[in-house]
Amino acid sequence: MDFTLVGLWHEMGFMARAVVVVLLAMSAYSLSISVERLLTYRKGHALSRLYIEALAPLVESVARLPEAVGIDKKFAGAPVATVVGAGVHEYAKSVGGKASAFDVAEAVNRTMERVKERELAGLRRGLPVLATVASSAPFVGLFGTVGGIITAFQKLADPTKGGGGIGTVSAGIAEALITTAVGLGVAILTVWFYNYFTARLDDITIDIDETASELVDSILKSHA
C-alpha cells in the first residue's frame with residue numbers, strides 16, 4: 001500500500017473523500033473569515049488609538065469639547081470613533097439648549113449605547129461561523145472515521161481481497177485515521193482564531209466603554 005498523500009487518497013472510499021473535501025472547504029472558509037477579521041481588527045484598533053489620542057486633549061478641557069465634532073470622520077473604520085463620534089454629535093445638537101447637564105449626558109450615553117451595539121454586532125460578524133466550524137469539525141472527521149472502519153470490515157469479509165490480513169484492512173484504518181486527523185486539525189486551528197478574536201473584541205469593547213465614559217464625565221463637568 002502506498003502511504004503517500006496521493007496514494008492514501010486513491011485508497012480512500014467515497015465517504016472518506018467526501019468528508020475530507022468537506023473539511024478542507026470548512027477550513028478554507030474559516031481561514032478566509034479569520035484573515036478578514038484579523039485585518040479588520042488590526043485596522044480598527046490602530047485607528048481607534050489614533051482617535052483616542054486626538055480626542056483626549058479636547059475631552060480633558062471642557063471648553064474645547066465642541067472642537068471634537070467631526071474628528072471621527074478622519075478615522076473611518078475605527079469602532080471607538082464611530083461610537084464616541086455619535087455621542088459627540090449628539091452633544092453638539094444639545095449645546096445651547098435648556099436641557100440640564102444630566103439630561104444631555106443621558107441623551108449622549110443612550111446614543112453611544114445604540115451605536116455601540118450595532119458596531120459590536122458588525123465586529124462579531126463571522127465569529128459564529130468559526131465557533132460552528134470549531135465545534136463540528138471533529139464530528140465531521142468522526143463521520144469519516146466510521147466510513148474507514150466500515151471499509152476495513154468490508155475488506156475483511158471479502159475473500160477476494162485477502163480475507164483478514166493486516167494488509168487487507170490497513171487502507172480502511174488509514175482512511176479512518178486521516179479523516180480524524182484532518183477534523184481535529186481544522187477544529188484546533190479554528191478555535192485558536194476564535195479565542196483570539198474574542199479577546200480582541202473584549203479589548204475593543206473596553207476602549208469604547210472607557211472613552212465613552214470620559215466623554216460623559218466631561219459633559220457633566222462642562223455643565224457644572
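Modeller: Residues are numbered from 1 along each chain as its sequence is written. In this predicted model, local features need pLDDT of at least 70 and side-chain atom pairs count only at pLDDT 80 or more, while totals for chains, interfaces and linings use all residues, and side-chain values use heavy atoms, without hydrogens and water.

Biologist: How many helices and strands does the protein have, and in what pattern?

Modeller: Helices (H or I, at least four residues) and strands (E, at least two) are DSSP runs numbered from the N terminus. The count is 6 helices and 0 strands. Along the sequence the pattern is α-α-α-α-α-α.

Biologist: Is Lys116 buried or exposed?

Modeller: Lys116 lies in helix α4 (residues 101–123). Leaving aside residues up to four places away in sequence, Lys116 touches Val83, Thr205, Ile208 and Asp209, a contact being heavy atoms within 4.5 Å. Buried means under 20% relative accessible area, exposed over 50%, and partly exposed in between (1.4 Å probe, protein chains only). Because its relative accessible area is 11%, Lys116 is buried.

Biologist: What share of the residues of the protein counts as buried?

Modeller: The protein has 224 residues. By the under 20% limit, the buried share is 41%.

Biologist: What relative accessible area does Glu214 have?

Modeller: Glu214 is found in helix α6, which spans residues 166–222. Glu214 is partly exposed, and its relative accessible area is 46%.
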